[in-house]
Amino acid sequence: MLSSEPTKKGTGVSISGDYQDLVHLYNLVHKIANTLDEQNENQWGEFQLLMNFAYEIRKGYEGTR
């Protein structure tokens, strides 16, 4: 089960869960990002935001965050 809580200064969210939950969330974020056209300048920002989010999730389930 995934859980979340605001960060200390309230500017972000800390997401926690077991390994499989984080892997599933990572895959979901990637599927959503892949629906966007990275080459389209109107969608590039959204694509990068989702890919950065996926990177942080991956680092979380790898144990480096």
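1. A residue counts as buried when its relative accessible area is under 20%. Keep that cut-off in mind for Y61: its relative accessibility is 19%, so Y61 counts as buried.

2. A word on the model before going further: this is a predicted structure. The chain has an average pLDDT of 94, and 100% of the residues reach at least 70. Among the elements of the chain, helix α1 has the highest mean pLDDT, 96, while strand β2 (residues 13–16) has the lowest, 92.

3. Now to the aromatic rings, where you will find 2 pairs. Start with Y19 and Y61: their ring centres lie 5.4 Å apart and the planes meet at 85 degrees, so this pair is edge-to-face. Y19 belongs to helix α1 (residues 19–33) and Y61 to helix α2 (residues 44–62), so the pair ties together parts separated by 42 residues in sequence. Y19 itself is partly exposed, at a relative accessible area of 48%.

4. Next, look at Y26 with Y61. Here the centres of the rings are 5.8 Å apart and the planes stand at 80 degrees, so this pair is edge-to-face too. This pair also links distant parts of the chain, with Y26 in helix α1 and Y61 in helix α2, 35 residues apart. Y26 and Y61 are both buried.

5. Which residues do the ring pairs link into a cluster? They are Y19, Y26 and Y61.

Conventions: Residues numbered from 1 in each chain as written. Predicted model: local features only at pLDDT ≥ 70, side-chain atom pairs only at ≥ 80, totals over all residues. Heavy atoms only, no water. Phe/Tyr/Trp six-rings, centres within 6.5 Å; stacked < 30°, edge-to-face > 60°. Helix = DSSP H or I, 4+ residues; strand = E, 2+ residues; numbered from the N terminus. Buried < 20%, exposed > 50% of the residue type's maximum accessible area, 1.4 Å probe, protein only. pLDDT = per-residue confidence, 0-100.
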